[in-house]
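Please read the following report with the sequence and the model side by side.

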Amino acid sequence: MSVESYFMEATYLLASILFVLSLKGMSRPETARRGMFLAEAGMFAAIIGTLVGQHVVTWGWIIAGLTLGSLIGGWMAVSVPMTAMPQRTALSHAFGAFAAALVGVGEFLTHGSEMGVITRGALGFEVMLGALTTTGSLIAAGKLQGVIRGKPIQFRGQNAINLLIFLGMIGSFVSFWIHPETVAVFYTMLGLAFVFGVMLVIPIGSADMPVVMSLLNSYAGLAAAATGFVLGNNVLIIAGTLDGFSGFILSVLMCKAMNRSITNVLFGGFGSVIAEAATETGGVMREINLEDAAMQLAFANRVVFVPGYGLATAQAQHAVRELADVLEGRGVTVKYAIHPVAGRMPGHMNVLLAEANVSYSSLYEMEQINPEFPSTDVVVVIGANDVVNPDARDNPKSIIAGMPILEVDRARSVIVLKRGQGRGFSGLENPLFFKACTTMLYGDAKASLAHLAQAIQHV
Ligand code: NAP
């Protein structure tokens, strides 16, 4: 082996270790940023190792690719707001999967019929999974961004058509495996996989897109691992497998937090059913004015903030910390209750609150905080809705029945900060807003929190 090859293998080993450590880091909010830096360092090491250890045919293309990729990545990093992070992630999956599919096509064109049977199988798998993940992720990004209708798109005979496309795709995969010399079969498989990606995602409502995305993330990882087998590249096999399985575990955890099964997410058409199942709750919502809300908070002993998607849209993370500082300055005990699927992506609330320097020791997970609500004086719900909907616990007929919730209605008093009568992502009415313990403080969450902080200083 040449010195360059040794160097490449050493950087691959280093990159693999960094990827494992990065996943470990990302499992806790305190170490998540470090985890991200480790992953970036691992990726950098793998790129340098490849450029040194592999025969580069044309540097021009490599430099053009690196420049274009860096420009697009840099632009996405600075210009995409936090609230659009799910669709940005979906786009990244589409890029990764498309790269895997293109490498597969390139390998087919250069070595197609000379490949051994195992490598050929891996190549077919890589191209198929890469192609369907590309279009599936693009549809997911479009739905999350609102450029494609978020509601499930369903039509008569859809399942039969999907089954035919699926069987056609698998059939061409098997046929390519046996007869790699038939070029048309390879491209048929590629084309059908692109179409299948679209068909797989259009019947799923945008409420379920984060779960779908983490599944697609898993597919993109497996496609990358297959690419590793085709190219004989160890770091791709390791990174792809880590990505594939962590994406799958994340999907399972998200489904658990919503009390749904993966099959129900993929084939349930959640969004459409929800809209029909929305119930009329009746009763009246009681409004509270700023001064009364400030008074309640100022004289409370224990206050819990419950952030949700509205905190993200309002970018109210700094405002809530400032209000917490004012309250703590008066001797009030302040905690934050974090629901696992609050917001639009896993860890959404943790990331926002970390950005505002909220101490990790003030963040409480659902299981930790639920027993504390009965002894809490005031809960402030900040743009959260579904994750505090008591119907999930009390109404077995509700479409979200069984979904674990933050049981804020057990607290002595609940103040809900939202702009108006808007529903949560599930489209359901929330009986919490009609309960005797609840009052509504209408307005943009950031403005309401800032006004509360000011008002409390005058109490
Ligand atoms: P939510 O149910 O979507 O409710 C958000 C609420 O925020 C709305 O009712 C809205 O009411 C309010 N709001 C919006 N902008 C606001 C602003 N600027 N100021 C104040 N309020 C504002 O949010 P959630 O309770 O966080 O629940 C998350 C949902 O996403 C769940 O259904 C969950 O299953 C789903 N989901 C999450 C994930 C994940 O990974 N996090 C994954 C899949 C699905 P107004 O319009 O009246 O203001």
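The report begins with the basis of the values and then turns to helices, single residues and a pocket.

This is a predicted model, in which local features need pLDDT of at least 70 and side-chain atom pairs count only at pLDDT 80 or more, whereas totals for chains, interfaces and linings use all residues. Residues are numbered from 1 along each chain as its sequence is written, and side-chain values use heavy atoms, with hydrogens and water left out.

## Two helices

Helices (H or I, at least four residues) and strands (E, at least two) are DSSP runs numbered from the N terminus, and the expected span of a helix is 1.5 Å times one less than its number of residues. Helix α1 (residues 3-26) has 24 residues, and the distance from its first C-alpha to its last is 34 Å, close to the 34 Å expected at 1.5 Å a residue. For helix α18 (residues 445-457), the 13 residues should span 18 Å at 1.5 Å a residue, and the 19 Å between its end C-alpha atoms agrees with this.

The term buried is used for residues under 20% relative accessible area, exposed for those over 50%, and partly exposed for those in between, with a 1.4 Å probe and protein chains only. The buried residues of α18 are Ala445, Ser448, Leu449, Leu452, Ala453, Ala455 and Ile456. Because they cover an arc of only 165 degrees around the axis, they are on the same side of α18; the arc is that of the directions from the helix axis to the C-beta atoms. An α-helix has 3.6 residues a turn, so residues three or four places apart point the same way. Contact here means heavy atoms within 4.5 Å, and the buried residues of α18 pack against α12 (290-298), α13, α14 (317-329), β4 (378-382), β5 and β6 (438-442).

In α1, the buried residues include Ser5, Met8, Thr11, Tyr12, Ala15 and Phe19, and the elements that cover the buried residues of α1 include α2 (29-53) and α9 (234-257).

## Buried residues and their contacts

| Residue | Relative accessibility | Contacts |
|---|---|---|
| Ala46 | 8% | Tyr12, Ala15 and Val235 |
| His93 | 12% | Ser137, Met213, Asn217 and Ala220 |
| Ala294 | 1% | Leu452, Ala455, Ile456 and Val459 |
| Val358 | 6% | Arg321, Tyr336, Leu353 and Leu363 |

Ala46 and Gly35 are eleven residues apart in sequence, and their C-alpha atoms are 17 Å apart in space. His93 is found in helix α4 (residues 85-111).

Ala294 belongs to helix α12, one of the elements against which the buried residues of α18 pack. Its contacts include Leu452, Ala455 and Ile456, which are among the buried residues of α18. The C-alpha atoms of Ala294 and His458 are separated by 9.3 Å, although the two residues are 164 residues apart along the chain.

## The loops

Val358 is placed in the loop between α15 (348-355) and β3 (363-365), and its C-alpha atom is separated by 6.4 Å from that of Arg321, 37 residues apart along the chain. Asn357 lies in the loop between α15 and β3 as well, but at 62% relative accessibility Asn357 counts as exposed.

Most residues other than glycine have a negative phi, and most peptide bonds are trans. Asn357, however, has a positive phi near 60 degrees. Gln315, in the loop between α13 and α14, has a positive phi of about 55 degrees although it is not a glycine, and at 31% relative accessibility Gln315 counts as partly exposed.

## About 750 Å³ of space lies in the second largest pocket, the volume being the space filled by probe spheres set on the points. Of the 40 residues that line this pocket, the closest to its centre are Tyr309, Arg344, Asp386, Gly424 and Phe425. The elements that give two or more residues to the lining are α8 (209-231), α13 (309-314) and β5 (413-418), and α13 gives the most, with four residues.

Conventions
1 Å grid on protein atoms, 1.4 Å probe; cavity = no way out; pocket = protein on both sides within 12 Å on 5 of 7 lines; lining within 4 Å.
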